[in-house]
Amino acid sequence: MPVSVLLVDDEPLVRAGLRAVLEAQPDLSVCGEAADGAAVIPLVRELRPDVIAMDVRMPLLDGIEATRAVLRTVRDPPKILVVTTFENDEYVYEALRAGADGFLLKRARPAEIVHAVRLVAEGESLLFPAAVRQLAGEHGRHRGNAEARAALDRAALTGREAEVLRLMTRGLSNAEIADRLVVGTETVKSHVSAVLGKLGARDRTQAVIVAYESGFVAPG
């Protein structure tokens with residue numbers, strides 16, 4: 001089945017452009033559209049998209065609050081890809097901290113848009129790791145570091161789990177981590193699952209944010 005995407009943006013031209021790019025791919029489809037974050041919850045419940053491509057700035061309910069609402073109220077929520085004009089935007093970082101799985105620039109080339117949706121849907125690699133590292137360096141140092149350190153301390157990661165987390169922050173996929181550690185992919189999946197569970201993280205992006213904000217790895 002194709003990966004289904006819900007488009008949420010207050011600019012009709014942006015939605016039309018994303019729709020044209022995504023529906024040109026046989027493994028991707030657009031299941032619906034919304035012009036504001038306030039309309040997301042009922043559409044998600046009705047359409048059950050795999051991914052939401054969500055504008056970060058909208059007039060009634062922005063992408064940050066809409067992300068929080070989806071994750072708080074929807075059972076088995078979809079992946080959330082924040083769509084933004086500026087990559088080094090505090091709004092983007094707050095959306096990632098709120099639970100978004102990655103972000104996409106509105107000026108991205110069609111191939112980058114397709115790659116981002118596929119990668120977020122698969123959930124086995126970090127989208128734009130260098131950009132996430134930069135965002136953490138510029139905005140993360142002033143955000144809940146004590147909370148992140150406490151989460152890391154409670155996690156009590158094993159040596160191998162800590163190694164896997166470091167490789168996750170560099171954006172390596174499960175297969176790439178397996179190659180680096182000379183273990184099977186299923187073993188890596190098990191370690192990643194353990195890391196997420198111990199950190200209380202929804203996905204790799206949230207785990208990586210904890211890694212940066214806690215000082216486990218240094219941004220830059």
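Leu-165 touches Leu-157, Val-195, Leu-199, Ala-207, Ala-211 and Phe-216, leaving aside residues up to four places away in sequence, where contact means heavy atoms within 4.5 Å. This is a predicted model, in which local features need pLDDT of at least 70 and side-chain atom pairs count only at pLDDT 80 or more, while totals for chains, interfaces and linings use all residues. Residues are numbered from 1 along each chain as its sequence is written, and side-chain values use heavy atoms, with hydrogens and water left out.

Leu-165 is also among the residues with the most contacts inside the largest nonpolar core, which has 59 residues. By such a core I mean a set of buried Ala, Val, Leu, Ile, Met, Phe, Trp, Tyr and Cys residues joined through side-chain atoms within 4.5 Å, and buried means under 20% relative accessible area, with a 1.4 Å probe and protein chains only. Helix α11, residues 204-213, gives the most to this core, with 6 residues. A second, separate core of 22 residues includes Val-3, Val-14, Val-83 and Leu-119.

Let me turn to strand β4. Helices (H or I, at least four residues) and strands (E, at least two) are DSSP runs, numbered from the N terminus. How many of the 6 residues of β4 are buried? In this strand, residues 79-84, the number is 5. Two strands pair if DSSP finds at least two bridges between them; β4 pairs in the parallel sense with β3, residues 51-55, over 5 bridges, and with β5, residues 102-105, over 4 bridges, again in the parallel sense. Val-51 stands opposite Lys-79 in β4, whereas Val-83 has Leu-104 in β5 as its bridge partner.

Notes
Buried < 20%, exposed > 50% of the residue type's maximum accessible area, 1.4 Å probe, protein only.
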